[in-house]
Amino acid sequence: MTFSAAAEDSKSTYPIFSGLKLGNRDDVDMLALSDLGQSGPEALKTTWHLGTRRVPTTSIILSLIKKLKRDNKYENIVVFGSSAGGYAALNISRRVEGSIAVVTNPRTELQTAPTTFTEYLKIAHSGTNPFSTEEMSMSSAYSRRTMNRIVYIQNSEDSNYYENHFIPFSKANLNETKYIVGKWGNGHLVPPEWVYTSVLDVLLKGKAEAEQFFESEYMNHKQLPTNEKISAISKHAIGVAFNKRKDDESIADRLLAGNIVIPGRPDILIVNNNIWDLDPYSDNNWRFSLHSLRWIEPLRRQYLLTNKIDYKSKYREILLSWYKFHIETNRHTPYSWYDMAVGLRIKILVAAMKVLPEDSDWLERFLLRQGEHLSAEKFLSRKGNHALHAMIGLVVCGDYFERQDWLTQAQRKISELFDECVDAQGVDYEGAIQYQLNNFKWYSEAAKHIYLATGENPNFIKKLDAMLEFLAHATNTLGMHVQYGDSDRVNASRSFGNAKLEHAGSRGLRGIPPEESYVSYDSGYTFGRTGWTSLDFEQGIFYSLRHGPAFSSTPHGHYDAGAVTFTKGNRELLFESGRFRYDKSEMSVYLKSAQAHSTVGTPNSTSFKDIDTHCIRSESNDVFDWTVITRDLASAGKWHRSVMHLRELKALLIVDDLSSPTPALLDQYWQLASDSVVEKIDNKIFARVKGSDELLAFSWLVDSESSSYTVATGDRDPLYGWRSIKHGESFPSPVIGFEHRGLSIRTAMLVGTSNGDTFNLEFREQKNPATLSTATEEVPSPWLLTVTLGGSKVNISVPHSRRLEETSPIVSDISVY
């Protein structure tokens, strides 16, 4: 039941109702009452719902309530009003047994100035006063036991109502009351809607919930945070976890049904409230996600969208459960205090502040405990993006609790982390294209949090554009990022305001193209392409080559040194196999291995996890791009890979050279599209991709004692021929594997597209050749090769591996026939 407040001067339409939105619930019946004195030729701003000489409103309302209770058997009656309506709610509720009055900034004294009570008596009662002291003063009425309970919400910055109504009432009142006081602006301003709706949400659930409300410490006699503080801290709720998702409703409903819903794994039904020590999949990433609390965000979003109280209740229940389990009882579970989980959880908590301001007491204690944990000295030595997320959380806590020491500590550490993570060319050290994108997002987000807390941008913000330009170069002709390292198959983003990345993501239709079509980065990535026009995206090629720091120094890298990718138009021909999960499952281990990349392998390849792969030559001209990488394999010898992009032919010539002091084994792997059909003709292999007239073609020459090849798809024992394009998913995909044996091994592989008739790689006769096995002080002869592709023929002189650092290849006799 709601009572209207005093009418505004500009109000002209009668009747006037208050709180109509409160009735937008399926489980509540609502009766809204408008003050009858606000109509007619002598309309008053209010009569406090006391009626007139001819219309005894109080008696009528009480009779109506009695009939409604009798006919409908209502057990839970909540009476609501603000200001003048608050007076009426208190006056009526005290006479209705078991009712609850919820009032905001109520008038409790009719004769306390300023008041229009005298004017009201003159117009409504011909100048006489028919009211008792208790009817004119709620302080007097509630100085004795009444039939109801009260929730009294007061803006302490409303000096008149706070000093002349709230203080006298609270001193005189002898009845069960919860007082909620907040600073919500100077003057007679209604408290924010969330304050009273959060109370009503609980009380309207039912009689049992109302009993628990009054028995608990829920919002009891407490000073709520100001609107400004809640608004300021809630601005820190930014990042991907807070983005609306298409499946929000489905996830929220599954959470309501008692499930834990974490992407990449089946739902887990919560039994006996056992949540925080669960590990149903022996999956560290699942446990980490559980304690980050990001998985409960759909509940908050659905509550804000629908105002359905069940979503809010479940959201609060899960948050409070974590708080009680880990903070009130001081229990620890794996990943509960993991640095990144804490940092992410802090942002969930600040989002909760705005939805659950009535719970700000324990939420503040919850948040404070996170800040105290992350401010410990041990976090100053942490590295990588996990440490970054922790420090972002400390920025947020420092802002909320006005801890300048936390802010200074976090800002300094974030700047140090950026300098360690991102080099002068704008490339991160994680070893994965997706983490280049992630780190851009995370450091951009860190800069926003720092600005929100301090009003200043950090210095590293100037380097963020270089990170996006790298991602533009890492975009293939399909408009997708290369899947090096722990990466999913994703489209290049066009939402960051960088014109070069927008150009790459739109496949040349928008934005500004980068200046170079060939780049080689010190951190271990080389990218090349036909060009940047939309026609180049439709008909040209893109390729990439991986090198750089050792596997052990790249947190999200793979055994992918030398890995080549190759796309033409809208076809992905050689690719990276992606990641599976952040665990040690057989599939995760396989997809990190050399066998899952278009590179080479040797026995015990993982033993070289600490060895860097160096780029020793990088050049580009109008005829070709040429990149040479090398890795010292200690007792196993030295390996070189040369990748030449023949611009005219839109093809790659890949030369591998392994010089070993003892007989050696060199394996090569080429990862093909999942629907490829493979056929061998002489020294050529053709892979036909479904829906394409052209073939991915391999032609090879070998200088070794023996060579053989196999084609595998979806083998399981051991795993071989698999790919992943999305976290937690995998599917069979063909791989061509070559095995070469010899003291010194040299192979040349021509990779391009063809109709199958005019595609060939062959030796040309050399004059006075110096063989690899006998040459010592002599100048080794180059490999002389002839490439035929489509209507073009090219002669190429490839320097011997011992001359690669000082000698360039020669491409000559380019002919078109």
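This is a predicted model: local features need pLDDT of at least 70, side-chain atom pairs count only at pLDDT 80 or more; totals for chains, interfaces and linings use all residues.
Me: Hi! Let's begin with the second largest pocket. What volume does it have?
Reply: Hello! The second largest pocket comes to about 1,400 Å³. Its lining has 49 residues, and those closest to the pocket centre are Phe 80, Ser 82, Thr 104, Val 190 and Tyr 196.

Me: Nice. Which elements give two or more residues to that lining?
Reply: Those are strand β3 (78-82) and the helices α6 (159-172), α7 (193-203), α12 (297-306) and α14 (339-355). Helix α7 gives the most, with seven residues.

Me: And how does the lining of the second largest pocket divide by class?
Reply: There are 23 nonpolar, 15 polar and 11 charged residues in the lining of this pocket.

Me: You mentioned α14. Which residues make its contact with α11?
Reply: Helix α11 (residues 284-292) packs against α14 at an angle of about 35°, and the two axes are 8 Å apart. From α11 the contact uses Phe 288, His 291 and Ser 292, while α14 brings Met 340, Ala 341, Leu 344, Arg 345 and Ile 348. By class, that contact has five nonpolar, two polar and one charged residues.

Me: OK, changing topic: how many cavities of 30 Å³ or more are there?
Reply: The structure has three cavities of 30 Å³ or more. The largest cavity has a volume of about 250 Å³, and the second largest cavity has about 60 Å³.

Me: What lines the largest cavity?
Reply: It is lined by 25 residues, with Tyr 559, Asp 560, Ala 561, Thr 613 and Arg 631 nearest its centre. That lining divides into 12 nonpolar, 10 polar and three charged residues.

Me: And which residues line the second largest cavity?
Reply: Here they are: Asn 476, His 481, Val 482, Gln 483, Thr 565, Thr 567, Glu 572, Leu 574, Phe 575, Glu 576 and Arg 723. Strands β13 (564-568) and β14 (571-574) each supply at least two of the lining residues. By class, the lining of the second largest cavity has three nonpolar, five polar and three charged residues.

Me: Last one, helix α15. Which of its residues are buried?
Reply: The buried residues in α15 are Ser 360, Trp 362, Leu 363, Phe 366, Leu 367, Gln 370, Gly 371, His 373 and Leu 374. An α-helix has 3.6 residues a turn, so residues three or four places apart point the same way.

Me: What span does α15 reach from first C-alpha to last?
Reply: Helix α15 (residues 360-374) has 15 residues and reaches 21 Å, close to the 21 Å expected at 1.5 Å a residue.

Definitions and conventions: Residues are numbered from 1 along each chain as its sequence is written. Side-chain values use heavy atoms; hydrogens and water are left out. On a 1 Å grid over the protein atoms alone, a cavity is a set of points where a 1.4 Å probe fits but cannot get out, and a pocket is an open set with protein on both sides within 12 Å along at least five of seven lines; lining residues have an atom within 4 Å of a point. Grid points are joined across faces, edges and corners, and a volume is the space filled by probe spheres set on the points. Helices (H or I, at least four residues) and strands (E, at least two) are DSSP runs, numbered from the N terminus. Ala, Val, Leu, Ile, Met, Phe, Trp, Tyr, Cys and Pro count as nonpolar, Asp, Glu, Lys and Arg as charged, and the others, Gly among them, as polar. The expected span of a helix is 1.5 Å times one less than its number of residues. Buried means under 20% relative accessible area, exposed over 50%, partly exposed in between (1.4 Å probe, protein chains only). Axes are lines fitted to C-alpha atoms, for helices over the stretch in contact, and angles run from 0 to 180 degrees between N-to-C directions. Contact means heavy atoms within 4.5 Å.
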